[in-house]
Amino acid sequence: MSTPFLRAGAVFLLTAAGLATAQEANAPAAPPAVRGLQPENSEEPPVKNGQLYVVAIGIDRYKNWMNLSTAVSDATGFADLLVKNFGFQEIVPPLTDSNATAKAIDELIEDDLSYRLQPEDSLVFFFAGHGTTQPLPAGDQTYNIGYIVPWDAPAQGAGETHWSQYVKIETLLLN
């Protein structure tokens, strides 16, 4: 159903281009005109196009946390979509379930991402799984620090949380 529409659109564009060419051939020569918006500062360096990367992590079956049902399929499906349809590259295959340990995520961030990414590159970091926040009082206010929960992170207990075994979201944003 959409194919005739696309063909009609292509035919229309070709016809419009043909009419413009015919009109230009019959028109007297005019000085070249400047069209469109002009940059205010033409001394800016050109935009560099870097690589497009995707990293996906999905955890359905946790070691110590309640299990989920669609995190793995969400993560792998999203990464697959970006690779197949938008030209992204996977730095590593999606980390899923027991492969998404705190150590594996830390190695991904510190070893793979830190050395592979260049300033002009773009990265989509997709995580599907549990997250948590750490409330930190500061004077009259409380700030929440966000974390993603790796496969092997201990469950939060009554008054006992092992923050160092979660992955601080701020770490992902700063790298």
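**Contacts, cores and aromatic pairs**

Reply: This is a predicted model. Not counting residues up to four places away in sequence, I59 touches L68, A71, V72, D97, A100, F127, A128, G129, V149, P150 and W151.

Me: Which residues have the most contacts inside the largest nonpolar core?

Reply: They are I57, I59 and L95, in a core of 22 residues.

Me: And which elements give two or more residues to this core?

Reply: Those elements are β1, α3 (102–116) and β6. The largest share is that of α3, which supplies five residues.

Me: What lies apart from that core?

Reply: Another core does, made up of six residues, including A56, A75, L82 and F88.

Me: Changing topic: how many aromatic pairs are there?

Reply: The count comes to five aromatic pairs. One of them joins W65 and Y166, with ring centres 6.2 Å apart and planes at 80°.

Me: Why is the pair of W65 and Y166 edge-to-face?

Reply: Planes over 60 degrees apart count as edge-to-face, and the planes of W65 and Y166 are at 80°, so this pair falls in that class.

Me: Where do W65 and Y166 lie?

Reply: W65 is in the loop between β1 (52–58) and α2 (71–86), whereas Y166 is in the loop between β6 (141–148) and β7 (167–168). The pair therefore ties together parts that are 101 residues apart in sequence.

Me: Is W65 buried or exposed? And Y166, buried or exposed?

Reply: W65 is buried, at a relative accessible area of 16%. Y166 is buried as well, at 6%.

Me: Which residues form the aromatic cluster?

Reply: W65, Y147, W163 and Y166 form one aromatic cluster.

Me: On to T96: where is it found?

Reply: T96 belongs to strand β3, which covers residues 95–96.

Me: Why does T96 count as buried?

Reply: Buried means under 20% relative accessible area, and T96 has 19%, so it counts as buried. Leaving aside neighbours within four places in sequence, T96 is in contact with G58, V72 and T76.

Me: Now the whole chain. What does its secondary structure come to?

Reply: There are four helices and seven strands, and along the sequence they follow the pattern α-β-α-β-β-α-β-β-β-β-α.

Key:
Residues numbered from 1 in each chain as written. Predicted model: local features only at pLDDT ≥ 70, side-chain atom pairs only at ≥ 80, totals over all residues. Heavy atoms only, no water. Buried < 20%, exposed > 50% of the residue type's maximum accessible area, 1.4 Å probe, protein only. Contact = heavy atoms within 4.5 Å. Phe/Tyr/Trp six-rings, centres within 6.5 Å; stacked < 30°, edge-to-face > 60°. Core = buried A, V, L, I, M, F, W, Y, C linked by side-chain atoms within 4.5 Å.
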